[in-house]
Every structure is written in structure tokens, then in C-alpha cells.
Amino acid sequence: MSNAAIEFNGVSKRYPFFALEDISFRLEKGQIMGLVGPNGAGKTTTMRILMGLIRQDAGEVEMLGRAIPHDQVRAKWDVGFVSEEMRLFSGATLAWHMSFVRSIYPDWDERYANTLLKRFFLRPEQKIKGLSRGEHVKALLLLVLARRPRLLVLDEPTAGLDPVARHEVIAELMEVLLDDGRSILFSSHNTLDVEQISDAITFIDRGRIVESDDKESFVERWRRITVEGAPAGQLPPVPGNVDITRSGHLAVITTNAWQPGMLAPWEQAGARVHEIHRMTLEEIFVANVLHKRKERGE
């Protein structure tokens, strides 16, 4: 059994109009990973395979050291799962849901649940049908977090929220996830949400893993460099360049292997470095995805 919280090795799943192909990544215990991809990229399919809701066609999946789907019952005992598609009983109160979950999980932390009620500004006597979308998400998180699971799997929990509600949910997640003993897999198409809470990032697009690395490595490796006065011919090739865009005497180079010394060949060729731009996670994601699509001829 693996020591990772989550591990995918060569996982594939085929549908008539979509395929998840050769998905491989690893979430270390105590780490928070953001699974980032556009809508339809395969994030939810990956999450469903992890939770044993659908069976992969090929490859191996382990969660907390247990094979999925074969040993999912024992694995799920220590897993808290929240999806944008999950719905609570609309006619029941939040207190009823808390009592129901408490009756199933002996590790339910009542003091922590009450703390979360105050933190999320929720009223236990209120019926679920009276909650806003943001309050519904907070109620789901409360029911999961009060169990004190070792692993949290959050599938697009902020999807469909207005900016204020999304900010509130992310702020509360950052607060309650300070416990470094937990592992979290958090999927979203919103790179800003993921960037705020993740240690590691896995990019997925069109059913394939684009790249998986720790967040700081992405930020340090990627740069957008503007040079001017370049000769008419092409700039000397430098390892790590994923794109060159020209506009008159200016050339904008995007690289995923930034090193200060890499500018020397351009300067020797007569180019002058005008600007070195540190890229946001969204810029890195877009450049990475477009580069991979170009490599595959898509």
C-alpha cells in the first residue's frame, strides 16, 4: 500500500464523446492539492473514480493506502466528500442533518460543529430549503468537517457562488484547513480559489494531465519576457520556451524554465530585455494548456 493520501497510476475511463486518458498524480499526506481545469476537462470524472462512484476502465487508484473501488468502504470512513451536485433534504433542518451524521460517525466533534455553526453564521433550526447557495455549501462543509476526516475531497465547492459568497467560503476553508494533518484535494476551474489554499497544483485538460507540481515551482519556473531590438532572424532557441509572440520590434517569450542566465544568448544576439513578468497561476495554466494542445496537434 502507498503512503500517499491519493495516488492515480495510468487511470483511463472512456465514454462515447469523452475519454479520461492515462491520469497519473500523487497527493502526499498533509498536503493540499488543487485540481485545475476548464469545464469539461475531466475533474468531476476523476473525483467520481476516486470516490468509487464510477469504475475506471484501466489503471490503479489508491486512497489512504486502500485500492479503489475494491476497498472503498474502509477508505471512505476517513474521507469527507463535498460536491457541487450534493443536496441535503430540503424539508429537514440543519440540526436534523447534524444529528443524522452524528449517529453514523462516532468521531463526530460536537464542540467543533458548534464552532463551525458560529463561524459560518448558520442557524441549526433553519430548514435547508431556506438556505442560500453559499449557506448550503457551508452546511455541507460543516457536516463533513465536524467528522474530523483525514482526507477532504472537494469537487467544485465554490461553483455557482457569487463573488462575496465565494470569498467567504474560501476564507473559511483557509481557516479550518490549518490542521496540517489533513490532506485535501480541491477541484475548480477558478485558479484564484485554488491558488489561495493549495500547496500543489495539477492541471487537467481534455481528459489528460497537463502538469503536476508544487505551487511555488510553477510560480518560480514560469516567466513572460519582453525583448526589443531583436534581429530580423529568430531569437536563439533557449530550453523551456513554450511560446514566442512578435509585434514589430518586440518579442514576448513565455518560458517554463526561467533562469537568470538564460537571457545571455538573446543579449548576445542583439536583443535588449525590456521586461520580465512574473505570471499568475491563471496565466501559467492557460499558457501550459495551449502549449500542450499545440504539441498534440489539437
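Predicted model: local features only at pLDDT ≥ 70, side-chain atom pairs only at ≥ 80, totals over all residues.

User: Next, helix packing. What describes two packed helices?

Analyst: Two packed helices are described by the angle between their axes and the distance between the axes. In this model, take helix α3 (residues 94-104) and helix α5 (residues 133-145): their axes come within 10 Å and cross at roughly 25 degrees. Angles under 35 degrees count as roughly parallel, so α3 is roughly parallel to α5. The crossing of α3 and α5 is right-handed.

User: Which residues of α3 and α5 meet?

Analyst: From α3 come Leu94, His97, Met98 and Val101; from α5 come Ala139, Leu142 and Leu143. Sorted by class, this contact has 6 nonpolar residues, 1 polar residue and no charged residues.

User: Is tryptophan 96 buried, exposed or partly exposed, and where is its place?

Analyst: Tryptophan 96 is in helix α3. Tryptophan 96 and isoleucine 128 are 32 residues apart in sequence and 10.0 Å apart in space.

User: Now backbone geometry. Which residues does a cis peptide bond join?

Analyst: The cis peptide bond joins isoleucine 68 and proline 69, with omega at about 15 degrees. Proline 69 sits in the loop between β5 and α2. Aspartate 71 lies in that loop as well, between β5 (66-68) and α2 (72-76).

User: Is aspartate 71 buried or exposed, and what does its side chain contact?

Analyst: Buried means under 20% relative accessible area; aspartate 71 has 18%, so it counts as buried. Its side chain makes a polar contact of 3.0 Å with the side chain of arginine 74.

User: What about phi? Where is arginine 148, and what is its phi?

Analyst: Arginine 148 has a positive phi of about 60 degrees, although it is not a glycine. It is placed in the loop between α5 and β7 (151-155). At 40% relative accessibility, arginine 148 counts as partly exposed. Arginine 206 can be read in the same way: its phi is positive, about 50 degrees, and it is not a glycine. Arginine 206 is in the loop between β9 (200-205) and β10 (208-214), and its relative accessibility of 40% makes it partly exposed.

User: Which residues does arginine 224 touch?

Analyst: Arginine 224 is in strand β11 (residues 223-228). Leaving aside residues up to four places away in sequence, arginine 224 touches Val252, Ile253, Thr254, Glu275, Ile276, His277, Met279, Glu283 and Ala287. With threonine 254 there is a polar contact between side chains, at 3.3 Å. Arginine 224 counts as partly exposed, at 25% relative accessibility. Proline 265 is 41 residues from arginine 224 along the chain, and their C-alpha atoms are separated by 17 Å.

Definitions and conventions: Residues numbered from 1 in each chain as written. Heavy atoms only, no water. Helix = DSSP H or I, 4+ residues; strand = E, 2+ residues; numbered from the N terminus. Buried < 20%, exposed > 50% of the residue type's maximum accessible area, 1.4 Å probe, protein only. Polar contact = N/O pair within 3.5 Å; in protein donor to acceptor, adjacent residues only side chain to side chain. Axes fitted to C-alpha atoms, helices over the stretch in contact; angles between N-to-C directions. Parallel < 35°, antiparallel > 145°, perpendicular 65-115°, else oblique. Left-handed = near helix turned anticlockwise from the far one by under 90°. Contact = heavy atoms within 4.5 Å. Nonpolar A, V, L, I, M, F, W, Y, C, P; charged D, E, K, R; others polar.
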